[in-house]
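Q: Please walk me through the labels used for this model. I want each value set against its cut-off.

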Amino acid sequence: MGTLTVIVALAIIVVVYVLSGLTIIQQSETCIVERLGKYNKTLTSGINIIWPILEKPRRIYYRHSMTDWEGNVRVSFKYSPRIDLREQVYDFPEQNVITKDNVTTRINALLYFQIVDPVKAVYEINNLPNAIEKLTQTTLRNVIGELELDETLTSRDTINAKLRNVLDEATNKWGVKVNRVELQDITPPASVRNAMEQQMQAERERRAKILRAEGEKQSAILQSEGEKQSQINYAAAEKEAQILKAQGEAEAKVLQANAEAEAISRVTEAISSTKTDPATYLLAVKYIETLKEMTSGQDNKVVYLPYEATSVLGSIGGIKDLFKDA
């Protein structure tokens with residue numbers, strides 16, 4: 001019975017020893033195991049067995065941030081034997097940085113990184129989260145110090161790219177891959193914000209005046225173009241009217257000349273049998289019409305007759321003889 005008790009006790013000790021060395025690693029996690037203080041192996045996800053007392057996991061620092069009910073962010077560090085291989089996010093608190101034009105600005109940033117080599121993350125740096133935070137802060141000061149305030153406010157993508165490149169190169173020795181860096185808030189001093197608001201308002205007023213002037217200019221151009229086209233159309237219509245009027249007057253004169261020619265021809269035929277000269281007859285008729293127009297007004301008075309009227313009166317006598325013969 002004594003021997004059996006010893007065997008059972010030894011069996012229980014062995015089972016407890018083996019179970020204490022049984023380690024389950026979750027997916028996307030790993031663990032660094034040291035044997036007698038020296039690196040031995042890296043555990044993968046699933047069931048793993050280590051030798052207690054001889055082997056033990058190496059712990060690593062982790063950074064945790066929490067926001068309380070007042071909105072304050074509290075950061076804490078703790079040891080953990082498990083190394084998370086997923087992408088992690090560090091939200092760094094605001095810090096004061098000085099731009100190239102000596103403006104103090106408050107900036108906070110987000111850092112997205114991933115542990116790709118757990119061995120380096122454990123043995124190449126003592127406190128990985130603290131090292132990444134300090135490196136990010138100093139790099140951010142250096143990058144912002146090379147830019148003026150206006151460039152800082154309008155070049156977030158450029159700043160993010162510079163930060164990522166510098167941090168990724170620096171943390172490569174630590175087995176860390178920096179995927180991206182994002183600037184959350186850039187807060188200039190109150191005096192600078194007021195000046196920027198005044199500048200923005202002045203710029204908007206200037207743009208409004210420019211747009212108003214361009215609109216008035218375009219309106220004046222369109223109005224002048226309309227007046228020009230109207231004058232061109234009026235001139236073309238006036239020209240067409242004058243041409244038509246001239247053509248009408250010319251046709252009227254042609255018709256009148258044809259009528260007079262026809263009348264003269266008939267008069268000539270009528271008096272051809274008499275001794276009266278047709279030219280003398282026509283001259284006498286025109287002369288009589290002229291005398292009629294001269295005496296048609298109310299205030300017109302005939303006080304004399306031209307000397308040449310005697311010959312015309314002779315022609316009138318010839319006309320009398322013509323009608324007598326007729």
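Q: Why is Ser 28 called partly exposed?
A: This is a predicted model, where local features need pLDDT of at least 70, side-chain atom pairs count only at pLDDT 80 or more, and totals for chains, interfaces and linings use all residues. Residues are numbered from 1 along each chain as its sequence is written, and side-chain values use heavy atoms, with hydrogens and water left out. Buried means under 20% relative accessible area, exposed over 50%, and partly exposed in between (1.4 Å probe, protein chains only). Ser 28 has a relative accessible area of 29%, so the label is partly exposed.

Q: Where does Ser 28 lie, and what is its phi?
A: Ser 28 lies in the loop between β1 and β2 (29–35). Its phi is positive, about 65°, although Ser 28 is not a glycine. Helices (H or I, at least four residues) and strands (E, at least two) are DSSP runs, numbered from the N terminus.

Q: Is Asn 102 buried or exposed, and why?
A: Asn 102 has 66% relative accessibility, so it counts as exposed. Its place is the loop between β10 (95–98) and β11. Asn 102 also has a positive phi, about 60°, and is not a glycine.

Q: What makes Arg 82 and Glu 29 a salt bridge?
A: The term needs a side-chain nitrogen of Lys or Arg within 4 Å of a carboxyl oxygen of Asp or Glu. For Arg 82 and Glu 29 the N to O distance is 3.9 Å. Arg 82 sits in the loop between β7 (73–80) and β8 (83–84) and Glu 29 in strand β2, so the pair ties together parts 53 residues apart in sequence.

Q: Why do the two partners, Arg 82 and Glu 29, carry the labels they do?
A: Arg 82 has a relative accessible area of 27%, so it is partly exposed. Glu 29 has 18%, so it is buried.

Q: How do you know that Glu 87 and Arg 180 form a salt bridge?
A: Their side chains meet at 3.5 Å, N to O. Glu 87 lies in the loop between β8 and β9 (88–91) and Arg 180 in strand β12, so the pair ties together parts 93 residues apart in sequence. Glu 87 has 37% relative accessibility, hence partly exposed. Arg 180 has 36% and is partly exposed.

Q: What makes Glu 94 and Arg 106 a salt bridge?
A: Their closest N and O atoms are 3.0 Å apart. Glu 94 is in the loop between β9 and β10 and Arg 106 in strand β11, so parts 12 residues apart in sequence are tied together. A search of the whole structure finds 9 salt bridges.

Q: Why is Thr 136 called buried?
A: Its relative accessible area is 3%, so Thr 136 is buried. It is found in helix α3 (residues 128–145). Contact means heavy atoms within 4.5 Å. Not counting residues up to four places away in sequence, Thr 136 touches Phe 92, Leu 111 and Leu 167. A polar atom of its side chain lies 2.7 Å from the backbone oxygen of Ile 132.

Q: Why does Thr 139 count as buried?
A: Thr 139 has 6% relative accessibility, so it counts as buried. Helix α3 holds Thr 139. Leaving aside neighbours within four places in sequence, Thr 139 is in contact with Leu 163, Val 166 and Leu 167.

Q: What makes up the largest nonpolar core?
A: A nonpolar core is a set of buried Ala, Val, Leu, Ile, Met, Phe, Trp, Tyr and Cys residues joined through side-chain atoms within 4.5 Å. The largest has 32 residues, and those with the most contacts inside it are Leu 111, Phe 113, Leu 128, Ile 132, Trp 174 and Leu 183. Helix α3 gives the most to this core, with 7 residues. A second, separate core of 5 residues includes Ile 25, Cys 31, Leu 43 and Ile 50.

Q: Why is Ile 47 called exposed?
A: Ile 47 has 65% relative accessibility, so it counts as exposed. Its place is in strand β4.

Q: How much of the chain is buried?
A: Of the 326 residues of the chain, 25% count as buried. The chain has 8 helices and 12 strands.

Technical notes:
A polar contact is a pair of N or O atoms within 3.5 Å; within protein, one must be able to donate a hydrogen and the other to accept it, and residues adjacent in sequence count only if both atoms are side-chain atoms.
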